[in-house]
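Please look at the sequence and the structure before reading on.

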Amino acid sequence: MRMILSTTLAAFLVASAATAGCKENFTVEGLPLLSQIQYKSHATYKGLDRTTAAKRIAARLRDEGFKGVKREGGVVSAWQETTGSGRPQTLRFIVTESRGKTTIEGIFTIQQGQVAGNRVVRDNICKVIAIAAG
């Protein structure tokens, strides 16, 4: 029982540390209402398989109701249209593997004239990244 608890606690701490890293790595590029805006973040995990991470991301995006979910190697892309304008918001995750470490980058792009809350976008990108890590 102690071994299971210790393993579970260790996995939780690793996931929490990566999530904190994801939140710290969050950036926003673009001018609200004047240009498209890209919200980006990333986290790196040791020992995570690129294909497994990409499959988990694709499954999660489908579950969340994103449309056009495509997985090509380590790139997962999808879109949603929630404003009624017919102008979609795109979401892309790029999973790269190097020297035993896997980096997952999430990029959410909204069109000129659209707005989204930084905290909400950050939290959701980081949630998908954490799910990809297991």
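Predicted model: local features only at pLDDT ≥ 70, side-chain atom pairs only at ≥ 80, totals over all residues.

Residues are numbered from 1 along each chain as its sequence is written, and side-chain values use heavy atoms, with hydrogens and water left out. The structure holds 4 salt bridges, a salt bridge being a side-chain nitrogen of Lys or Arg within 4 Å of a carboxyl oxygen of Asp or Glu.

**A linked network**
- Lys-23, Arg-122 and Asp-123 belong to a network of salt bridges.
- Asp-123 meets Lys-23 in a salt bridge with an N to O distance of 3.8 Å, and this pair links distant parts of the chain, since Asp-123 lies in helix 3 (residues 118-133) and Lys-23 in helix 1 (residues 2-24), 100 residues apart.
- Helices here are DSSP runs (H or I, at least four residues), numbered from the N terminus.
- Arg-122 also forms a salt bridge with Asp-123, and their closest N and O atoms are 3.1 Å apart.

**Another pair**
- The side chains of Arg-60 and Glu-64 form a salt bridge at 2.9 Å, N to O.

**Exposure of the partners**
- Partly exposed means a relative accessible area between the buried class (under 20%) and the exposed class (over 50%), computed with a 1.4 Å probe on protein chains only.
- Lys-23 is partly exposed at 38%, as are Asp-123 at 24% and Arg-122 at 24%.
- Arg-60 is partly exposed at 23%, and Glu-64 is partly exposed at 45%.

Definitions and conventions: Helix = DSSP H or I, 4+ residues; strand = E, 2+ residues; numbered from the N terminus.
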